[in-house]
Amino acid sequence: MRLKTKYFGEIDCPEEDKLHFPEGLFGFEEEKEFFLLPFEGSEGSLLCFQSAGTPGLAFVAMNPFSLKPDYAPSLTPRELKAMGAERSEELCFYALCVVRDPVADSTVNLRCPVVINDQTRQAMQIILEEGGYTMRHLLSEFGKEKEGAPC
């Protein structure tokens, strides 16, 4: 499928790579389909959730484990059932970012990750009640070695 994107221009995306968000993303409940696209040179740690239907709608995301290796999101039984999984470890997690200048002032939302079942392509955004995660972790919190990293 030919896709117009916010950050990558017009690109080809295999239809089978489309992610399905039955409930949309928080604040964007009407948007049900996205593609997860990596930013070049990020080695898979910096990505973009690009709306399949709205070219100007895209969210920057990060692999939260690349910032915080001990990140331990845990879904409720209801969320696990909705995702078609028995354990949280079976799923993929991504944290949405707000990019600022300087980059160290960018924030990462570890409390409300996007969860993907890579087998079914089902996805949802959840709110973690446990773990002490917030919606605005400064990128600079993750150590000097991460300050130059893109968010």
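Q125 itself is placed in strand β9, where a strand is a DSSP run of E with at least two residues, a helix is a run of H or I with at least four, and both are numbered from the N terminus.

With a relative accessible area of 8%, Q125 is buried, on a scale where buried means under 20%, exposed over 50% and partly exposed in between, for a 1.4 Å probe and protein chains only. Leaving aside residues up to four places away in sequence, Q125 touches L25, F26, L96, C112, P113 and V114, a contact being heavy atoms within 4.5 Å.

## Basis of the model

Because the model is predicted, local features need pLDDT of at least 70 and side-chain atom pairs count only at pLDDT 80 or more, whereas totals for chains, interfaces and linings use all residues. Residues are numbered from 1 along each chain as its sequence is written, and side-chain values use heavy atoms, with hydrogens and water left out.

## The largest pocket

The largest pocket holds about 280 Å³ of space. Its lining consists of 16 residues, and L96, C97, V98, N109 and M135 are those that lie nearest the centre of the pocket. Two or more lining residues come from each of the elements β6 (58–62), β7 (92–98) and β8 (107–117), and β8 gives the most, with four residues. By residue class, the lining of the largest pocket divides into eleven nonpolar, three polar and two charged residues, where Ala, Val, Leu, Ile, Met, Phe, Trp, Tyr, Cys and Pro count as nonpolar, Asp, Glu, Lys and Arg as charged, and the others, Gly among them, as polar.

A pocket is an open set of points on a 1 Å grid over the protein atoms alone where a 1.4 Å probe fits, with protein on both sides within 12 Å along at least five of seven lines, and lining residues have an atom within 4 Å of a point. Grid points are joined across faces, edges and corners, and the volume is the space filled by probe spheres set on the points.

## Salt bridges

How many salt bridges does a search of the whole structure find? The search finds seven, taking a salt bridge as a side-chain nitrogen of Lys or Arg within 4 Å of a carboxyl oxygen of Asp or Glu. K18 takes part in a salt bridge with E15 at 2.6 Å, N to O, in which K18 is buried at 7% relative accessible area and E15 is partly exposed at 43%. K18 also meets the side chain of E33 in a salt bridge at 3.4 Å, N to O. This pair links distant parts of the chain, with E33 in strand β4 (residues 33–38) and K18 in the loop between β2 (10–12) and β3 (19–20), 15 residues apart; E33 is partly exposed, at 31%.

R111 forms a salt bridge with E129, their closest N and O atoms being 3.4 Å apart. Here too the pair links distant parts of the chain, since R111 lies in strand β8 and E129, 18 residues away, lies in the loop between β9 (122–125) and β10 (137–138). R111 is partly exposed, with a relative accessible area of 26%, while E129 counts as exposed at 62%. Salt bridges with shared partners also join R2, E10 and D12 into one network.

## Loops and backbone geometry

A cis peptide bond, with omega of about 5 degrees, joins D101 and P102, and P102 is placed in the loop between β7 and β8. R121, in the loop between β8 and β9, has a phi near 70 degrees, which is a positive value in a residue other than glycine; R121 is buried, with a relative accessible area of 19%.

N63 sits in the loop between β6 and α1 (64–67) and is partly exposed, at 24% relative accessible area. Not counting residues up to four places away in sequence, N63 touches G44, S45, L47 and Y94. The C-alpha atoms of N63 and T107, which are 44 residues apart along the chain, are separated by 13 Å.
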